[in-house]
Amino acid sequence: NPDQVKPKHVAALKVATADHPNMSNRVMSFLRVVFGYALEWQLVDSNPCIGIKRHEEKKRSRYLTDEEFSAILEHAPARLQVIMRLCYLTGQRIGDVLAIHRKDIGPEGITFRPKKVSGSTGFGMVLAWTPELRAAVEQCSTLNANIRSMTLLHGRGGKPVDYRTVALQF
């Protein structure tokens with residue numbers, strides 16, 4: 001039962017999964033959220049994950065090769081393919097690509113206003129058109145051709161695509 005889980009059990013799980021620190025941290029984060037809800041719903045008196053420190057994580061030391069990227073792209077669903085192409089061609093974060101509004105698309109190119117940059121002025125940067133970029137943007141309109149939305153990438157109901165929706169495609 002949830003009320004039987006103690007911090008020592010969570011700490012033991014952390015130790016048992018120490019060989020894979022990144023995955024261990026994801027499991028610990030998930031447990032912390034689940035027990036947060038259990039606390040809110042009064043199924044437990046406290047969150048046993050509070051106070052358990054995360055593993056140190058190493059920074060990535062390699063990037064995908066062009067061949068690896070192409071292999072993933074080839075097997076990805078159509079919406080994910082166009083998102084991957086836009087990220088690759090623009091050099092923007094996935095969140096900034098998903099936030100492209102139709103008003104950001106102009107004759108000169110696509111205007112980006114990075115949201116994750118600390119101290120940013122929010123000033124827009126125009127990325128000039130290339131044939132590949134134009135083709136990727138045109139491919140977006142074929143995904144849901146019968147629905148117009150304020151954003152370039154959107155779901156069946158016209159709602160913007162968010163990061164969780166993209167992550168769930170795998």
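## Close-up views of a predicted model

**Overall view of the protein.** Among contacts between residues at least 6 apart in sequence, 47% join residues at least 24 apart. The model is predicted, and the mean pLDDT of the protein is 86, with 84% of its residues reaching 70 or more. Seven helices and two strands make up its secondary structure, and along the sequence these elements follow the pattern α-α-α-α-α-β-β-α-α. Of the 170 residues, 31% count as buried.

Confidence is highest in α1, at a mean of 96, and lowest in helix α7 (residues 163-167), where the mean is 66. Where pLDDT is low, the predicted coordinates should not be read in detail.

Once residues up to four places away in sequence are set aside, L86 touches G91, V97, L133, A136, V137, C140, L152 and L153. In soluble globular proteins, nonpolar side chains tend to be buried together.

**Helix α2 and its buried face.** The 20 residues of helix α2 (residues 21-40) should span 28 Å at 1.5 Å a residue, and the C-alpha atoms at its ends are 28 Å apart, in agreement with that expectation. Its buried residues are S24, N25, M28, L31, F35 and A38; seen down the helix axis they fall within an arc of 140°, and therefore line one face of α2. An α-helix has 3.6 residues a turn, so residues three or four places apart point the same way. The buried residues of α2 pack against α1 (7-16), whereas M23, F30 and E40, on the other side of α2, are exposed.

Most residues other than glycine have a negative phi. The relative accessibility of Q42 is 71%, so this residue counts as exposed, the cut-off being over 50%.

**Q92, a buried residue in the loop between helices α4 and α5.** The loop between α4 and α5 is the place of Q92, whose relative accessibility of 14% lies under the 20% cut-off, so that Q92 counts as buried. Leaving aside neighbours within four places in sequence, Q92 is in contact with C87, V97, F112, P114 and M125. V97 is also among the residues that L86 touches.

**Two buried cysteines, C49 and C140.** A search of the whole structure finds zero disulfides. C49 is buried, with a relative accessible area of 0%, and C140 is likewise buried, with a relative accessible area of 3%. C140 is also one of the residues touched by L86.

Terms used: Residues are numbered from 1 along each chain as its sequence is written. This is a predicted model: local features need pLDDT of at least 70, side-chain atom pairs count only at pLDDT 80 or more; totals for chains, interfaces and linings use all residues. Side-chain values use heavy atoms; hydrogens and water are left out. Contact means heavy atoms within 4.5 Å. Helices (H or I, at least four residues) and strands (E, at least two) are DSSP runs, numbered from the N terminus. The expected span of a helix is 1.5 Å times one less than its number of residues. Buried means under 20% relative accessible area, exposed over 50%, partly exposed in between (1.4 Å probe, protein chains only). The arc is that of the directions from the helix axis to the C-beta atoms. pLDDT is the predictor's confidence in each residue, from 0 to 100. A disulfide is a pair of cysteine sulfur atoms within 2.5 Å.
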